Amino acid sequence: MLKYEMIVNDLQKRIMNEEFEETRKLPTEEKLIEEYGVSRNTIRNAIKILMNLGIIYPVQGSGMFVRAPKKKGTVYLNSTRGVTMDNPGNKIINKLLDIQIVEADEKLSEQMNCKVGTPVYYLKRLRIVDGIPYALERTYYNKEIVPYLGKEIAEGSIFNYLKDDLKISFGFADKYLTAIKLSKEDAALLELEENDPAIMINDNIHLSNGQLFNTSNIIYNYQTTNFYSVAK
């Protein structure tokens with residue numbers, strides 16, 4: 001994990017623990033540089049991420065202030081960092097239900113913008129937050145870009161593995177939200193009832209060069225999730 005990402009996580013935890021509750025104001029840039037022993041650019045990168053997530057906001061001439069706290073189970077639509085990184089104060093369990101290598105058929109090759117027959121990792125995971133089913137994820141990774149995914153990695157933070165170990169440079173994500181009714185199988189995994197409502201996000205993540213390498217369909221537990229986006 002890069003230094004600025006560690007600072008983002010730490011500041012999120014400090015905000016959640018209401019360390020800045022009295023003034024709602026973050027320490028100055030100079031103070032944060034001193035506290036974390038890093039460069040000005042590192043602090044500014046961390047601040048930029050917190051702003052993009054809608055956690056803090058700037059007031060000209062006064063500094064950075066903490067926005068109203070987000071509800072537990074918030075899905076940050078502006079983020080590509082994943083459940084683990086977006087919920088640093090919660091206990092995350094990734095229950096791996098299936099992992100295999102498949103060949104992209106015509107439909108999948110069109111979705112992933114790759115050739116028919118391209119080897120692709122398929123994963124099915126149940127994301128559990130603080131002991132409660134949070135989301136059911138079916139995801140595909142282009143094996144030509146992600147050469148290895150094993151059980152140990154899939155049960156941890158895939159985002160951290162891709163960024164820190166494979167040095168993948170993330171660019172942007174296209175996210176499409178759809179309202180659905182749960183199938184009997186999916187409802188059982190989420191501990192809900194068949195035909196209960198749910199929001200499914202089709203999440204397509206691209207490299208910094210614009211190449212799509214990951215597509216996911218993520219079904220969220222309507223009882224435990226909220227969706228949040230920053231509007232400017």
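Reader: At what angle do helix 2 and helix 3 pack, and how far apart are their axes?

Author: In this predicted model, helix 2 covers residues 29-36 and helix 3 covers residues 40-52. Their directions make an angle that falls between 65 and 115 degrees, which means that helix 2 is roughly perpendicular to helix 3. The values asked for are an angle of about 110 degrees and axes 9 Å apart.

Reader: Which residues make the contact between helix 2 and helix 3, and how many of them are nonpolar, polar or charged?

Author: Helix 2 contributes E29, E30, L32, I33 and Y36 to the contact, while helix 3 contributes R40, I43, R44 and I47. Sorted by class, the contact of helix 2 with helix 3 has 5 nonpolar, no polar and 4 charged residues.

Reader: Which residue forms a salt bridge with R44, and which parts does the pair tie together?

Author: Side chains of opposite charge can pair when their charged atoms come close. The closest N and O atoms of R44 and E29 are 3.0 Å apart, and the cut-off for a salt bridge is 4 Å. R44 lies in helix 3 and E29 in helix 2, so the pair ties together parts that are 15 residues apart in sequence. The partner of R44 is therefore E29, with helix 2 and helix 3 as the parts joined.

Reader: Are R44 and E29 buried or exposed, or something in between, and which residues make up the network that includes them?

Author: The class of partly exposed lies between under 20% for buried and over 50% for exposed. R44 has a relative accessible area of 45% and is therefore partly exposed, and E29, with 24%, is partly exposed as well. Salt bridges that share partners form one network, and its members are E29, E30, R40 and R44.

Reader: How many salt bridges does a search of the whole structure find, and which residue does the side chain of R14 meet in one?

Author: The search of the whole structure gives 12 salt bridges. In one of them the N to O distance is 2.7 Å, and it involves R14.

Reader: What is the relative accessible area of E21 and of R24, whose side chains meet in a salt bridge?

Author: The side chains of E21 and R24 meet with an N to O distance of 2.7 Å. Both residues are partly exposed, and the values are 38% for E21 and 22% for R24.

Reader: In what order do the 6 strands of the open sheet stand, and which are the edge strands?

Author: Strands of a sheet pair through backbone hydrogen bonds, either parallel or antiparallel. Here the pairing is antiparallel, and the order is 4-5-6-9-8-7. Each edge strand pairs on one side only, and these are strand 4 (92-103) and strand 7. From one strand to the next, the twist averages 15 degrees.

Reader: How many bridges join strand 6 to strand 5, and how many join strand 6 to strand 9?

Author: Strand 6 (residues 132-142) is mostly covered, with 8 of its 11 residues buried. With strand 5 it forms a hairpin that has 2 residues between the strands, and V129 stands opposite I132. On the pairing with strand 9, Y141 has N214 as its bridge partner. The counts are 10 bridges to strand 5 and 7 bridges to strand 9.

Reader: Which residue of strand 9 is the bridge partner of N202?

Author: Strand 8 and strand 9 run antiparallel and are joined by 8 bridges. Among these partners in strand 9, the one that belongs to N202 is N217.

Reader: Where do K167 and E191 lie, and what is the phi of each?

Author: Most residues other than glycine have a negative phi. K167 lies in the loop between helix 7 (158-165) and strand 7 (170-181), and counts as exposed because its relative accessibility is 63%. E191 lies in the loop between helix 8 (184-189) and strand 8 (197-207), and at 61% counts as exposed too. Phi is positive in both, near 60 degrees for K167 and about 60 degrees for E191.

Methods: Residues numbered from 1 in each chain as written. Predicted model: local features only at pLDDT ≥ 70, side-chain atom pairs only at ≥ 80, totals over all residues. Heavy atoms only, no water. Helix = DSSP H or I, 4+ residues; strand = E, 2+ residues; numbered from the N terminus. Buried < 20%, exposed > 50% of the residue type's maximum accessible area, 1.4 Å probe, protein only. Pairing = 2+ DSSP bridges. Axes fitted to C-alpha atoms, helices over the stretch in contact; angles between N-to-C directions. Parallel < 35°, antiparallel > 145°, perpendicular 65-115°, else oblique. Contact = heavy atoms within 4.5 Å. Nonpolar A, V, L, I, M, F, W, Y, C, P; charged D, E, K, R; others polar.
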